[in-house]
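This report goes through one structure part by part. Please look over the sequence and the model before reading on.

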Amino acid sequence: MKKIVIIIGSIIGFFAIGFGIMFITLSQNMKTINAITIPEVDITSWEDTVVQGEYYYKDQIGATVEVTITDGTITDIRFIEHLYGLGGKAEVIIDDIIAQQTLQVDDVAGATTSSHVIKLAILNALEEE
């Protein structure tokens, strides 16, 4: 019986250490992503176009987006891919970006890093033009 308890305790300890390392790494990655400054981009003089951009961080989180510009305004943002873990609810941020015509919108609570990743993908699309 003692051997079983020791084995189970060892297995639980192994998984706890692995989870702890994963959590620390993820927290550091989130800080790195959220520290990236997102500047304002002026698209008011742009001709009608569709641009694509992406931002990925270590294959853990990222997005590829397609941004439609009509008459110098963002009229549509479509996800081609979004790797988000628990941050799927961040996708609603595109509604704020379209409504306010800026990337300087509030992040979605509880999905801050995914929100920032989406903004970075859109920024990359707008900087490609």
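Nine bridges join β1 to strand β2 (residues 61-70), and the two strands pair in the antiparallel sense. The model described here is a predicted one.

Two positions give a view of this pairing. Gly 53 stands opposite Val 65 in β2. Val 50 has Thr 68 of β2 as its bridge partner.

The hairpin of β2 and β3 has two residues between the strands. Asp 71 in this hairpin takes a positive phi near 50°.

Across this pairing, Glu 66 stands opposite Arg 78 in β3. The side chains of Arg 78 and Glu 66 also meet in a salt bridge, with an N to O distance of 3.3 Å. Because Arg 78 belongs to strand β3 and Glu 66 to strand β2, the pair ties together parts that are twelve residues apart in sequence. Side chains of opposite charge can pair when their charged atoms come close. In total, the structure holds two salt bridges.

## The sheet as a whole

Taken together, the strands form an open sheet of three, in the order β1-β2-β3 and with antiparallel pairing. Its edge strands are β1 (49-57) and β3 (73-83), each of which pairs on one side only. On average, and with direction ignored, neighbouring strands of this sheet are turned by 20° against each other.

A helix lies against this sheet: α3 packs on it and touches β1, β2 and β3. The direction of α3 makes about 135° with that of β1.

## The helix pair

Which angle do helix α2 and helix α3 make where they pack? Helix α2 (residues 93-100) and helix α3 (residues 112-128) pack at about 50°, and their axes are 10 Å apart. The angle therefore makes α2 oblique to α3. The crossing of α2 and α3 is right-handed.

On the α2 side, the contact is made by Ile 93, Ile 94 and Ile 97. On the α3 side, Ser 115, Ile 118, Lys 119 and Ile 122 take part. Sorted by class, the contact of α2 with α3 has five nonpolar residues, one polar residue and one charged residue.

## Summary

α3 has a place in both packing arrangements described above: it packs on the sheet, and it also packs with α2.

Notes: Residues numbered from 1 in each chain as written. Predicted model: local features only at pLDDT ≥ 70, side-chain atom pairs only at ≥ 80, totals over all residues. Heavy atoms only, no water. Axes fitted to C-alpha atoms, helices over the stretch in contact; angles between N-to-C directions. Helix = DSSP H or I, 4+ residues; strand = E, 2+ residues; numbered from the N terminus. Parallel < 35°, antiparallel > 145°, perpendicular 65-115°, else oblique. Left-handed = near helix turned anticlockwise from the far one by under 90°. Contact = heavy atoms within 4.5 Å. Nonpolar A, V, L, I, M, F, W, Y, C, P; charged D, E, K, R; others polar. Pairing = 2+ DSSP bridges. Salt bridge = Lys/Arg side-chain N within 4 Å of Asp/Glu carboxyl O.
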